[in-house]
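Open the structure in your viewer and keep the selection tool ready. This tour goes stop by stop.

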Amino acid sequence: GTLTFATTGPFGDVDITNATAIVLPAQTINGGFRVTALTGNITQSGTVQFTGSNGGTPASRFAAPAGSITLNDGANIFGGPLQVVSLSNTAFTNNNVGGTNLGTSNVTGNLVISNQQGAFTQSGGATVGGNLAVSNLQANAALTMTNTLNAVTGTVELATAGTGNAEFFNTLNTTLAAPTSIGGFLRVSGNGNITNQAGVTVTGNGTGFAGAEASTVIFGSTAGNITISGLTYTANRFKFVTTGTGNATLTHAAAILNGASVAGNLGITATAGTITQSSETVTVGGTSTLTTQTNDQAITLNTLTNSFTGAMLLTTNGTAGNVSIQNVLGTNLGTSAVRGNLSVNSNTTGNITNSGVVTTDGTTTFNATSGLINVGTGSNFTGTGTIVLNSSGNSTFTNQTAIDLGTSTIGGNANITAVT
């Protein structure tokens with residue numbers, strides 16, 4: 001039934017355990033509130049306002065170990081750390097001027113929290129067996145759920161307003177659900193796979209995160225793959241981080257890589273624009289598959305410290321889909337079709353080779369600063385434009401058509417063959 005209570009003094013706490021369901025009436029407590037309904041649900045019939053705690057931890061604790069919790073009045077105030085435990089679904093609305101601090105919580109079903117004022121933060125891990133939906137309606141305020149004990153099994157929906165950034169960490173796989181809508185920028189990290197549903201929007205207002213990660217959407221996984229597609233985000237600026245054998249795959253209108261450290265394979269498809277990068281280094285331990293689908297859209301990864309270990313598969317369309325690559329290692333071209341100029345620079349060490357069929361329509365330039373060039377020996381290179389070969393060692397080059405050799409510098413022997 002309905003439960004009424006009262007305290008005296010400025011910091012009087014309330015601790016109540018009831019064998020059945022609890023309905024909270026309109027009530028204001030200048031302290032903490034901790035309530036347990038052993039066999040039923042916790043609901044409310046009026047606004048509840050619990051402003052803080054006289055040393056109790058957490059300040060507000062709601063436990064329904066056999067039921068659900070629904071406290072959605074828009075004027076509710078839960079001051080201090082908020083802890084929730086329930087067997088079923090849980091929904092909270094908090095209008096505390098100091099924001100919401102989510103303490104250690106365990107919800108078997110879905111968890112929905114709406115924060116009306118201030119920032120949304122955590123002081124403990126959140127375990128959610130269902131879906132998680134957290135919205136911060138305070139303009140320009142952050143939503144930060146980066147506790148390393150977070151374990152959300154279902155989808156994750158986040159929302160911020162104005163320039164508010166959102167950060168989320170999950171020990172499990174993370175699926176960003178629609179209608180996730182971030183006013184600022186987004187960082188998602190964790191130990192599992194990271195994916196998204198269509199309909200996720202990042203507006204990109206403000207400057208985003210600090211330092212080199214400013215104005216960037218960031219995804220990172222320590223033991224999984226990252227697969228992002230169908231994201232609405234006009235700034236196009238991304239960073240990917242994986243460890244172990246983790247791959248990163250992006251399908252987006254265009255892509256500006258603001259650094260990347262991908263232990264496995266990197267795949268980027270730009271459906272309408274270019275693939276470029278900032279001055280931050282891109283490092284890939286596996287293969288790199290880069291594609292621009294629209295005519296005359298370039299691929300330009302020209303930061304001198306880039307490191308591409310595996311084969312590079314490069315595809316552009318039109319007549320001016322140029323490609324330019326800088327690599328501190330040797331460069332192995334996989335199956336590629338470049339409808340424009342191709343420039344490959346192994347600028348520190350290593351050779352330039354190919355393991356797949358390569359076709360270029362414009363000028364092809366290979367620069368092996370401290371290595372040799374061995375391209376086309378398996379009848380697998382066709383370049384119709386001028387060929388430029390610069391190497392410190394030997395250059396062996398075979399073209400399936402005529403060769404127009406441009407100004408070249410070869411430090412060793414030259415073995416150049418035009419098949420037809």
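The stops below follow strands and their partners.

This is a predicted model: local features need pLDDT of at least 70, side-chain atom pairs count only at pLDDT 80 or more, and totals for chains, interfaces and linings use all residues. Residues are numbered from 1 along each chain as its sequence is written, and side-chain values use heavy atoms, with hydrogens and water left out.

**Stop one: an open sheet.** Select β3, β6 and β9. These three strands form an open sheet in the order β3-β6-β9, with parallel pairing. Strands here are DSSP runs (E, at least two residues), numbered from the N terminus. Two strands pair if DSSP finds at least two bridges between them. The edges are β3 (27–29) and β9 (77–78), and each pairs on one side only. Now pick β6, residues 48–50: two bridges tie β6 to β9 in the parallel sense. Click Q49; its bridge partner in β9 is I77.

**Stop two: F33.** Select β4, residues 33–37, which holds F33. Is F33 buried or exposed? F33 is buried, at a relative accessible area of 0% (buried means under 20%, exposed over 50%, partly exposed in between, with a 1.4 Å probe and protein chains only). D15 and F33 lie 18 residues apart in sequence, yet 6.1 Å apart in space, C-alpha to C-alpha.

From F33, step to S60 in β7, which stands opposite. Four bridges join β4 to β7, and the two run parallel. Now select all of β7, residues 60–64: four of its five residues are buried, so β7 is largely enclosed by the rest of the structure. Next, β10 (residues 81–86) runs parallel to β7, joined by five bridges. End at L82 in β10, opposite S60.
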